[in-house]
Amino acid sequence: MDAGEVVGIAGPNGAGKSTLIAMLLGLLPPSDGTVRIDGVAPRAFVEREGVAYLPELMNLPLEWRTAETLDRLATLGGIAPAARVGARERVIEATGIAEHRGKKLKQLSKGNLQRVGLAAALLAERRVVVFDEPTHGLDPVWTARFRDIVSGLRRSDRAMVIASHNLDELERLCDRVAILDKGKVQQVVTVRGIDGANTVSVRRWRIRVVSGASVLAGLVPGAKVDGEIVECECDLPAMNRALAAAIAGGALVGAVAPVESSLEEAFRVSVTR
Amino acid sequence: MTGTSPLAYLRWHARDSLLRSVVPLFLFSAIAVLPIRSLVSRSGMDAVRADGQLQQNVLQIYSQTLTLAMTLGAVLLLSGFIAQDRERGHVRFLFAAPVVPWQHYLMRALVAVAMFTALFVLIPLGFSWLVVPVEIVGVLKSALLFAALYGGLAMLCGALVNKDGALFIVLVVATTILQQLEKGELLGHTLAVVARALPPLVLADSVRSRWLAGNAPVSADLLHVGLYAVALYVVALVVIRRTPLAR
């Protein structure tokens, strides 16, 4: 992957996502092939620059307190003593954990623990960011905030890897998604264009046409009509052209809903091979 | 961009090592203070200082408890922490930072050994001040030697396996039995060679006995124990460097 890219890793349980991330951190050697970050072995890269990392579960001694945890990780992260308090307060503010700063990690809920992990990952500026199931345990509000934070982390010299079960999340955040199964990349799906616009080609559609369903069905090859419902397969631009033509031809469209995105379809096909 | 200096985390290493370093003080207090205090309060401090037999009894309690606290404290000092970091997944978080793992663990070990030694010497200092004068420098040297030897062994076990506590106990018990038998010339040639190759725990005990009695140990014995301890750390650090941190 290139700098500036956000690459997702999708896969069922046991597909090898966390193993791949352990290899990216240089904690496990590959059984075959090589892993390189910026031309060097992952461990050498991490020891030189560090990686912003958020695991699925915050694994740190639970007797540590929130502020202490961030102080420790800021120290390990090489943040200068004079800048540590500022960095700590910045990430506490960004992740909304001020009220938990004095609590031990074992006193925190799963969601708050995950926010501490996110705060830790944001402490230092890193060129490589690795998130492993980052929204695990987060409530919907913080899941949305997390997406904003990830969007804010996009930078032309930064590469981000996000492993997740959540295809919708990957589709929103990533440029490309690698679908992993049985320890191998089965397929790589492009979900964003260079300009950042989502170019996922939604393939299957369900459209409620109040009147003139046959007009729309006649414009999309293979479309099936069942009363007011038209089901068809085509990409996003073709869908728009067909709808515009159908409306111009007198059709009254009530609702348009994607049944399955190309990412979901690719995932389903890849992991059931 | 360069990695974080291994010295940066010293403060936190000290904090993490503090609890284990004060274990011998608690042990000594729990075992020795009550009987010594009862002897002293029954006869009075002057009587203890004047009565050779009474003083001998007090010193016997002191020295037996001191050696027990030193050995147990040294055993606990560095046991478990590397395997725990690995098994509980702390390594993923700690070593996503620009940190060299073997340097991180070396610093932790050095800080722990230094703190253990510095705190342990409070026992003879306090005893000398409150009861009767006892050897201090010998205790300091012994504490350092024991922390280094047992700490090195614990670190190597932690670097090698996740069930490091079990390996450590098996090694210590087996080594002590074999080396005691070897000392009494009760082993065949092969087992005697094995006993001599194992960590010199019995030899360390004899070096300590001489130091605590205010005598100089046999130089070759001291050299053997010291070099063995250093070798244990070197091998442990090489294992940390060479083997996967996530297992």
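Colleague: How many aromatic pairs does a search of the whole structure find over all chains?

Modeller: The search finds 8 aromatic pairs over all chains. Please bear in mind that this is a predicted model.

Colleague: How is a pair of aromatic rings described?

Modeller: Such a pair is described by the distance of the centres and the angle of the planes. Here, the ring centres of B:F28 and B:Y62 are 5.9 Å apart and their planes stand at 80°. Planes over 60 degrees apart count as edge-to-face, so this pair is edge-to-face.

Colleague: Which parts of chain B does the pair of B:F28 and B:Y62 tie together?

Modeller: B:F28 belongs to helix α1 (residues 10-43) of chain B, and B:Y62 to helix α3 (residues 52-77) of that chain, so the pair ties together parts that are 34 residues apart in sequence. Ring pairs also link B:F28 and B:Y62 with B:F127 into a cluster.

Colleague: Are B:F28 and B:Y62 buried or exposed?

Modeller: Both B:F28 and B:Y62 are buried.

Colleague: Let us turn to the interface. How is the size of an interface often given?

Modeller: It is often given as the accessible area lost when the parts come together. In this model, chain A and chain B bury about 2600 Å² between them, with 62% of it on carbon and sulfur atoms. Within chain A, the residues that lose the most area to chain B are A:L27, A:E47 and A:L76, together 28% of what that side buries. Counted by residues, 32 of chain A are in contact with 28 of chain B.

Colleague: What salt bridges and polar contacts are found between the chains?

Modeller: Across the interface there are 3 salt bridges. In one of them, the side chains of A:E47 and B:R241 meet at 3.2 Å, N to O. The count of residue pairs in polar contact between chain A and chain B is 12.

Colleague: Which helix of chain A gives the largest share of the side that touches chain B?

Modeller: The largest share, 6 residues, comes from α3(A). By class, the side of chain A that touches chain B has 16 nonpolar, 7 polar and 9 charged residues.

Colleague: Where does A:T66 lie, and is A:T66 buried or exposed?

Modeller: A:T66 lies in helix α3 of chain A. Residues under 20% relative accessible area count as buried; A:T66 has 0%, so A:T66 is buried. Neighbours within four places in sequence aside, the residues in contact with A:T66 include A:I97, A:H100, A:L105 and A:V116.

How values were computed. Residues numbered from 1 in each chain as written. Chains lettered and ligands numbered in written order. Predicted model: local features only at pLDDT ≥ 70, side-chain atom pairs only at ≥ 80, totals over all residues. Heavy atoms only, no water. Contact = heavy atoms within 4.5 Å. Buried area = accessible area lost by both parts, 1.4 Å probe. Salt bridge = Lys/Arg side-chain N within 4 Å of Asp/Glu carboxyl O. Polar contact = N/O pair within 3.5 Å; in protein donor to acceptor, adjacent residues only side chain to side chain. Helix = DSSP H or I, 4+ residues; strand = E, 2+ residues; numbered from the N terminus. Nonpolar A, V, L, I, M, F, W, Y, C, P; charged D, E, K, R; others polar. Buried < 20%, exposed > 50% of the residue type's maximum accessible area, 1.4 Å probe, protein only. Phe/Tyr/Trp six-rings, centres within 6.5 Å; stacked < 30°, edge-to-face > 60°.
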